[in-house]
Amino acid sequence: RPSPASGRPAPFELIESDGDCEITLVRTYGDDEEISITFNAAEDPYDEDDFSVTTEDSSVEIEDDEEAALHFIVNVSKGDGGEMLEFSCATDGETVEVRNVRYESLADAEEDDADLLAATYPGPNYDELDETVQEEFHRYLEARGVDHVLANYVAELHVHKEQTLYVDWISKVQGFVGAKE
């Protein structure tokens, strides 16, 4: 089965390692923005009782996708990366749903100071934001390539990577169980 790498939306670059569940897509935007999209291929976004995932020719079909949600993080940083917006998003493979927007300033934080970042204001309840503000956030992301094309690619890549990890796991377990000394 071919990798969905050929369908990667330009100008995103794919960063992944064999055996690693984390997948990152990166790109630059304008003169001073860095955008990264990160998700975990081990996440199971589908409730098996309500959904079936079928793959044919690198396409992902999700039946009754009301609850299907693959979570990913979009970080947009400017300049030296001292401040950024972190968008917590989800996709059903067709649309991008923003669930939270967090502003982070790293100017006062040490590089390893996770406690300070954890204590920062996480942003308002996204669903309670004025609808025009939500629409502006969607336009902001779409201008940076976070759109339905990317949503489809993330869903395809998730299925492909999880299947690759699964086959590797089966091989290793089979080797372990079948090993005789």
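Student: In which strand is His71 found?

Tutor: His71 is found in S6, residues 70-78. Helices (H or I, at least four residues) and strands (E, at least two) are DSSP runs, numbered from the N terminus. A word on the source: this is a predicted model, in which local features need pLDDT of at least 70 and side-chain atom pairs count only at pLDDT 80 or more, while totals for chains, interfaces and linings use all residues. Residues are numbered from 1 along each chain as its sequence is written, and side-chain values use heavy atoms, with hydrogens and water left out.

Student: Is His71 buried, exposed or partly exposed?

Tutor: Buried means under 20% relative accessible area, exposed means over 50%, and partly exposed lies in between (1.4 Å probe, protein chains only). His71 has a relative accessible area of 35%, so His71 counts as partly exposed.

Student: Which residues is His71 in contact with, leaving aside its neighbours within four places in sequence?

Tutor: Contact means heavy atoms within 4.5 Å. By that test the partners of His71 are Phe39, Glu43, Cys89, Ala90 and Arg99. Glu43 is 28 residues away along the chain, yet the two C-alpha atoms are separated by 8.2 Å.

Student: With which side chains does the side chain of His71 make a polar contact?

Tutor: A polar contact is a pair of N or O atoms within 3.5 Å; within protein, one must be able to donate a hydrogen and the other to accept it, and residues adjacent in sequence count only if both atoms are side-chain atoms. The side chain of His71 makes one with the side chain of Glu43 at 2.6 Å and another with that of Arg99 at 2.9 Å.

Student: How many bridges join S3 to S6?

Tutor: Two strands pair if DSSP finds at least two bridges between them. S3 and S6 run antiparallel and are joined by six bridges, with Glu34 opposite Ser77 in S6. Strand S3 (residues 33-40) is also joined to S2 (residues 22-29) by eight bridges, again antiparallel. Val26 has Ser36 in S3 as its bridge partner. S2 and S3 form a hairpin with three residues between them, and Gly30 in the turn has a positive phi of about 65 degrees.

Student: What span does helix H3 reach?

Tutor: The expected span of a helix is 1.5 Å times one less than its number of residues. H3 (residues 148-178) has 31 residues and reaches 45 Å from its first C-alpha to its last, close to the 45 Å expected. Asp147 caps its N-terminal end, with a side-chain oxygen 3.2 Å from the backbone nitrogen of Val149.
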